[in-house]
Amino acid sequence: MAQAIVVTVMLLLVGSVAAGRFNDTTAYQNCVAAPSSCTRLYFSRSQLSGSLPSELGTLTRLTYMHIWISRLTGSMPTQLGVLTGLEHLDLYSNRLTGTVPSELGALTRLTRLDLGINSLSGSLPSELGALTSLIVTGLHNIQMTGSLPSELGALTRLTHLDIHNNQLTGSLPSELGALTSLYYISFYRNQFTGSMPSELGALTGLWKMLVCDNANLCGDIPAGVTPDAYSGRCSTATGGTLLGSACPSASPTVLPSASPTTMYGSTSPSSLPHVSVPTPTSLAGDYPLKENWFRKRDVAREKAFPQKHAWSRKQAKQEADQQQAN
């Protein structure tokens with residue numbers, strides 16, 4: 001036990017003052033020379049540059065790999081998926097590019113995965129749902145796109161899930177409601193849409209849930225989430241959600257079949273009087289108020305002259321069809 005602690009401290013000291021390329025460091029070279037005795041790589045706040053070599057896949061005894069706040073570039077090698085003994089994989093705050101390898105799904109002993117603050121791209125692989133030992137996951141600030149995999153609902157030991165400041169879209173999967181061990185969840189500054197899953201009400205142990213800056217999230221706040229835990233609106237002018245308000249109706253409007261002659265006889269629709277709706281004193285900067293006012297205006301007009309509006313919509317559709325045909 002004492003020997004293992006000494007080795008770890010030595011690697012930490014080497015890492016804290018290291019400069020140059022990662023695969024030229026003494027620590028890495030020693031691991032390559034004796035892979036069966038290398039269990040930890042730890043570089044903190046170093047000046048290391050270069051890419052992660054594929055030869056890391058030969059270090060099959062590794063349990064801890066921490067290379068954080070450094071200058072690593074290039075993609076994550078798929079050979080990391082061979083290191084099935086890894087318990088911690090921490091590459092926080094580097095300059096890594098490319099996608100998150102689906103091969104990481106083979107690291108079933110991982111309890112900590114932190115890839116935050118990198119320049120990764122693409123979608124999160126659904127294979128991450130196989131990492132059922134995970135307790136802490138940091139996937140924030142890495143420019144992820146696509147939807148959040150529903151397979152993450154299998155990570156029932158998670159206490160910390162941070163996916164904020166990405167470009168994730170689609171709805172939040174209801175399977176997240178199975179993560180009843182969660183203490184902290186952050187998915188603010190994404191592009192999620194739709195209503196908040198009611199299943200999130202099962203997360204009664206939450207200390208904090210951050211959802212700010214997902215402008216198209218709507219519906220009720222999950223019943224089981226306490227007011228102290230929920231943080232939905234931003235203090236800046238750029239944020240906020242529609243949580244607490246009803247989601248917009250997606251029901252399609254069925255247009256009646258009609259013509260100007262049968263509806264109006266000899267009266268031209270353009271000669272019908274205008275319906276005025278009083279304008280609110282201030283609409284600037286309040287989108288929900290704007291949207292509500294315009295909706296009320298349109299409803300008032302259609303109630304007054306339903307035939308006129310039905311004919312206008314049909315005429316606009318016919319013109320659009322004609323342009324598409326040409």
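A charge is taken to sit over a ring if NZ of Lys or CZ of Arg is within 6 Å of the ring centre and within 35 degrees of the ring normal. In this predicted model, K208 lies over the face of W207, at 5.7 Å from the ring centre. The charged end of R40 is likewise placed over a ring, that of Y64, with 4.2 Å to its centre.

Aromatic pairs number five. The ring centres of F22 and Y28 are 5.1 Å apart and the planes stand at 40°, so this pair is tilted. F22 and Y28 are both buried, and together with F43 they make up one aromatic cluster. An edge-to-face pair is formed by F187 and F192, with 6.0 Å from centre to centre and 85° between the planes. F187 is buried at a relative accessible area of 1%, and for F192 the value is also 1%.

Y28 belongs to helix α2 (residues 26-33), where A27, Y28 and C31 are buried. Viewed down the axis of α2, the buried residues fall within an arc of 95° and therefore line one face of the helix. T26 and A33, on the other side of α2, are exposed.

N166 is located in the loop between β10 (160-162) and β11 (167-170). Its relative accessible area is 6%, so N166 counts as buried. The N166 side chain reaches the backbone nitrogen of I142 at 3.1 Å, and a polar atom of that side chain lies 3.4 Å from the backbone oxygen of H164. Leaving aside residues up to four places away in sequence, N166 touches L139, H140, N141, I142, Q143, M144, R189 and N190.

Methods: Residues numbered from 1 in each chain as written. Predicted model: local features only at pLDDT ≥ 70, side-chain atom pairs only at ≥ 80, totals over all residues. Heavy atoms only, no water. Helix = DSSP H or I, 4+ residues; strand = E, 2+ residues; numbered from the N terminus. Buried < 20%, exposed > 50% of the residue type's maximum accessible area, 1.4 Å probe, protein only. Polar contact = N/O pair within 3.5 Å; in protein donor to acceptor, adjacent residues only side chain to side chain. Contact = heavy atoms within 4.5 Å. Arc of directions from axis to C-beta. Phe/Tyr/Trp six-rings, centres within 6.5 Å; stacked < 30°, edge-to-face > 60°.
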